[in-house]
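Have the structure open while you read.

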Amino acid sequence: MKRTLIATGLVAAFSIYPVQAAEIDDRGARMLKDNLSHFLPDSVRGGGFLTVRPAGDRYEVTYDIARLIEAIDKKNFTVSGLTPFTLFAAPLNNGQWKLNSDSNMNFSVQGRAPDGKPTSLTYSVTDAVFSGIFDPAISYLRSGEATSGPIRMVSKSGTEEIEASFAGMNYSLGATNSATAGATDFHGTGSFSRFYERIATPQAPPMQIRAESLDFDVGVEGVVAQNIQKLISFTLELVKDERPSEAEITELKELIRSAMPFFTSLSEKIAFNKFTVASQVGDIGVDKLNYSLTVTEPSEATRIGIGLGVEKISTPSGLVPEVYARLVPDMAEMEVGIAALNFTRFVDTLMEMDLSKPGPLPEAESERLGKAILDDGQLTIDFPKIVARSSLYDVEASGEISGYPDQKDRYNLETSILARDIDRLIQYFQGAAKVDPQFNQVSFAIMMAKGMAKTEPDGRLRWDIAFEDGKTLSVNGQPIQ
């Protein structure tokens with residue numbers, strides 16, 4: 001909450017009310033304070049939550065979160081240890097702002113969960129340092145650097161407990177002009193060192209998760225900041241109204257439409273290095289665990305993709321029987337996406353609805369939104385790359401499946417499978433059948449599949465498989481009864 005509130009206030013103030021460097025005085029401090037807090041309720045604004053004062057060639061902005069909490073009805077929880085957070089903001093001659101902060105944090109929250117269980121949270125971060133250049137023209141940072149020392153969080157709810165920590169963090173971000181006219185591309189990279197997490201619940205033995213490091217790379221392209229800035233500014237004004245007027249809702253809808261598509265592409269990559277899960281049965285680890293997320297422009301044909309990858313899996317001795325252990329891949333990758341999502345129609349449908357009424361949307365309206373985002377009610381899932389390799393096999397697959405969520409028997413599937421050294425795998429299963437006779441059926445099925453395969457120029461075997469309407473099957477163009 002703290003970071004989100006501060007970031008939102010800074011975007012609003014520094015984007016809409018730029019101050020020139022020559023205006024470092026009490027009057028400028030009062031203006032900046034008003035701009036940072038104008039969207040807050042009067043009871044909060046007058047409670048000493050925010051102070052701004054001149055400090056040489058910059059402003060000292062202090063957020064006293066403890067005072068903000070005092071203005072909130074907190075019957076079910078108490079907060080202790082929160083100290084004021086200070087940010088220095090220096091207006092530059094080019095209209096941009098230089099931001100700096102240096103802080104520690106160590107606070108705790110105690111209370112009761114909705115189910116009545118006693119709950120608590122402690123959070124600490126040491127030596128957090130940030131510096132950056134904020135550009136009102138893009139409503140974001142042109143550049144920024146952040147580092148910290150140890151970070152630790154402990155959450156308890158009844159007899160359940162989760163502890164997580166990092167030894168340190170570093171983060172860099174930047175913004176450049178986009179290939180899309182009037183838009184900006186944002187990019188951030190960073191790393192957390194020595195990740196640790198412990199999970200303890202009554203239902204299962206304690207489990208510990210570790211990684212030497214967690215690296216991340218995030219980017220978003222084609223952001224038209226001016227339109228989003230207008231939407232943010234109007235929304236901040238709107239949240240002060242308990243019941244927005246019909247005219248305000250209409251204006252909000254128009255601002256949402258003008259801000260679309262928000263961006264042209266979004267990507268996120270996270271890599272855990274030397275990832276280990278420790279439990280009572282032993283340690284399960286991978287040299288590298290990768291995750292990725294990609295989103296294309298929210299338009300009439302949007303795709304949301306997720307990727308997972310592992311390298312060099314290790315398991316405790318005896319956990320996996322020897323006859324199966326060699327089947328565990330040395331590396332595996334998977335990319336899966338939901339394609340052909342119509343976000344334009346989804347937003348148009350949403351904008352037609354009455355959003356002035358409090359509470360969730362009626363079930364019929366929610367169903368209408370669900371149908372609007374799918375093309376003719378059809379869900380399409382693609383898998384451009386699925387790979388698994390070991391000393392026994394080298395298999396790759398790609399394809400697409402489409403169907404109707406409310407008609408499970410109505411679907412189409414097209415996939416291509418490529419495999420190398422399949423004879424080696426057949427021989428392994430034939431030998432393994434001496435330990436587990438069921439492998440006889442597996443080896444027979446693979447030999448049958450080999451007989452239907454095509455041979456590629458590089459020696460790999462290929463199967464092009466198609467299901468049509470969930471009824472007819474063909475392999476390499478040959479119908480299968």
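Is F439 buried or exposed? This is a predicted model, and in it F439 has a relative accessible area of 6%. Buried means under 20%, so F439 counts as buried.

**Rings around F439**

There are 14 aromatic pairs in the structure. In one of them, the ring centres of Y324 and F439 sit 5.4 Å apart with 55° between their planes, so this pair is tilted. While F439 is buried, Y324 is partly exposed, at a relative accessible area of 33%.

F439 also pairs with F429, and that pair is tilted too, at 5.3 Å centre to centre and 35° between the planes. Here the link runs from helix α10 (residues 422-432), which holds F429, to helix α11, which holds F439; the two residues are 10 apart. F429 is buried, with 7% relative accessibility.

Here are the two pairs laid out together:

| Pair | Centre to centre | Angle between planes |
|---|---|---|
| Y324 and F439 | 5.4 Å | 55° |
| F429 and F439 | 5.3 Å | 35° |

Elsewhere, F166, Y171, F192, F195, F216, F272 and F275 make up one aromatic cluster.

**The cores**

What about the nonpolar cores? The largest has 39 residues, and V52 and Y63 have the most contacts inside it. Leaving out residues up to four places away in sequence, V52 touches A29, L32, K33, L36, Y59, E60 and V61. A second, separate core has 17 residues, among them F429, A433, F439 and V475.

How much space lies in the second largest pocket? About 260 Å³. It is lined by 21 residues, and S292, G307, L308, M334 and E335 are the closest to its centre. Three strands each give at least two residues to the lining: β14 (282-296), β15 (302-314) and β16 (331-341). Of these, β15 supplies the largest share, with 8 residues. Sorted by class, the lining of this pocket contains 10 nonpolar, 6 polar and 5 charged residues.

Note on methods:
Residues are numbered from 1 along each chain as its sequence is written. This is a predicted model: local features need pLDDT of at least 70, side-chain atom pairs count only at pLDDT 80 or more; totals for chains, interfaces and linings use all residues. Side-chain values use heavy atoms; hydrogens and water are left out. A nonpolar core is a set of buried Ala, Val, Leu, Ile, Met, Phe, Trp, Tyr and Cys residues joined through side-chain atoms within 4.5 Å. Buried means under 20% relative accessible area, exposed over 50%, partly exposed in between (1.4 Å probe, protein chains only). Contact means heavy atoms within 4.5 Å. On a 1 Å grid over the protein atoms alone, a cavity is a set of points where a 1.4 Å probe fits but cannot get out, and a pocket is an open set with protein on both sides within 12 Å along at least five of seven lines; lining residues have an atom within 4 Å of a point. Grid points are joined across faces, edges and corners, and a volume is the space filled by probe spheres set on the points. Helices (H or I, at least four residues) and strands (E, at least two) are DSSP runs, numbered from the N terminus. Ala, Val, Leu, Ile, Met, Phe, Trp, Tyr, Cys and Pro count as nonpolar, Asp, Glu, Lys and Arg as charged, and the others, Gly among them, as polar. Rings of Phe, Tyr and Trp (its six-membered ring) pair if their centres lie within 6.5 Å; planes under 30 degrees apart count as stacked, over 60 as edge-to-face and the rest as tilted.
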